[in-house]
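Hi,

Here is the structure I promised to send over. Have a look at it first, and my notes on what turned up follow below.

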Amino acid sequence: MKQTKKKIIEVSTDTNIGGAGKCLITLLENFNYDIFEVKVILPPNSLLKPHIEKLGIEVIEVQGIAEKSLDLKSIRSLGKIFKREKPDLVHTHASMSARIAARHAGAKVVYTRHSVFPPSKYLTHFPGKQLNGLFNDHYADGIIAVAEAAKKNLTDTGVSADKITVILNGVEGLRPVSEEEKERLRERFGVREGEKVVSIVARLEEVKGHEYFIEAADLLLRDGINARFFIAGTGSCERQLMERVRRLGREDRIIFTGFIPDVDRLMNITDVQVNASYGTEATSLALLEGMSLGVPAVVSDFGGNPGVIHDGVNGFVVAKQNSAALMMGIKKLLSDKELYKKLSGKSIEVFGKVFTAEAMTRNTEKLYLSLI
């Protein structure tokens, strides 16, 4: 007898492709479609749409949900869709409107906490903590935290630990290129013979800590380290960060790449990756992609970073907002060949055991089935 497929609707409010969007695409690329039938709800003109439709998955566009967690009008629109589609489970990525509508339509509800941030005092004390806990527990049958730090974020604001499952983000490993291709890429990015490459791949926003990366790069160059430092991404702080580099007179060694669609090319010639976040970080997908190529990292001790990079194993974890500590971690990796070789090998090993797209998807499917 043929098994009836479980009907799942994924909901994203993203108009651009960020970390949450990349995770959604990875899930959709790896789901077991012998078991699940999946549709996706997006706001109109989301950049996620062509990627999802390319996979042969139906996209339903809904007005009013773009970049919003809660919108009263869209609850009504979403409710009509859920009653028509009759999903077994709705999985939302930062949409409270979809959680409310799905609950009223009788579907099981899962939502993912993709980020880590310092919660407000109101949400960590009576009565805000209790009210937030009751509301979240009522409008979710299961909650996915993408890092232990994300789980703590939730429990600190009153959410029941019993509802939370930690499912670490996973990515498809990057394809390593040949030595000949690496030489061409080094030429493309202006890397000179003998120079090491240190990269930070993150939105250019204040909490991502680029200022500390720039200061650490300056300290390393003063110390005689022969390296070139790349800042990949765009954001609201781009102009002031560029001005900071200009004042240091380091424009030739600290390079802003802007948005590069083939960031895997840069990762293939990167010796050390850096994550200096101090305000929002759960599981950096860039760190995972680098690990798949054997790129060790130096990261701040904020959020989910220590759950990805284990100090002395596949990189170093240093105090957040501390340029000198960041500098010392990078220097250790660039100055000790044997240490670098050891941590590079461990990076590949840890990635293969924990952070693959396959592992993330199977764990997510397991949660879906347990709730349905």
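One term before we start: when I say that residues touch or are in contact, I mean heavy atoms within 4.5 Å. Keep in mind that this is a predicted model, where local features need pLDDT of at least 70, side-chain atom pairs count only at pLDDT 80 or more, and totals for chains, interfaces and linings use all residues. Residues are numbered from 1 along each chain as its sequence is written, and side-chain values use heavy atoms, with hydrogens and water left out.

Let's start with the record. In the model, residues 17-171 are 42% helix and 18% strand, with end C-alpha atoms 15 Å apart. For residues 182-344 the figures are 43% helix and 18% strand, and the end C-alpha atoms lie 17 Å apart. Helices (H or I, at least four residues) and strands (E, at least two) are DSSP runs, numbered from the N terminus.

Next, Arg265. This residue sits in helix H11 (residues 263-268). Is Arg265 buried or exposed? Arg265 counts as buried because its relative accessible area is 13%; the cut-offs are under 20% for buried, over 50% for exposed and partly exposed in between (1.4 Å probe, protein chains only). Not counting residues up to four places away in sequence, Arg265 touches Arg175, Val177, Glu181, Leu185, Arg188 and Phe189. Its side chain also makes a polar contact with the side chain of Asp264, at 3.0 Å. (A polar contact is a pair of N or O atoms within 3.5 Å; within protein, one must be able to donate a hydrogen and the other to accept it, and residues adjacent in sequence count only if both atoms are side-chain atoms.)

H11 comes up again at the second largest pocket, where H11, helix H8 (179-188) and helix H15 (337-354) each supply at least two lining residues. H8 gives the largest share, four residues. The lining has 15 residues, and Lys182, Asn268, Ile269, Thr270 and Asp271 lie nearest the centre. The volume of this pocket is about 280 Å³.

On method: on a 1 Å grid over the protein atoms alone, a cavity is a set of points where a 1.4 Å probe fits but cannot get out, while a pocket is an open set with protein on both sides within 12 Å along at least five of seven lines; lining residues have an atom within 4 Å of a point. Grid points are joined across faces, edges and corners, and a volume is the space filled by probe spheres set on the points.

How many cavities of 30 Å³ or more does the whole structure hold? The search finds two. The largest cavity has a volume of about 90 Å³, and its lining includes Cys23, His91, His93, Asn169 and Met360. Helix H1 (19-30), strand E4 (89-93) and helix H16 (357-371) each give two or more residues to that lining. The second largest cavity is about 40 Å³, with Tyr212, Ser300 and Lys320 among its lining residues.

Last one: Arg103, in helix H4 (residues 96-104). Leaving aside neighbours within four places in sequence, Arg103 is in contact with Val109, His138, Tyr139, Ala140 and Asp141.

Cheers
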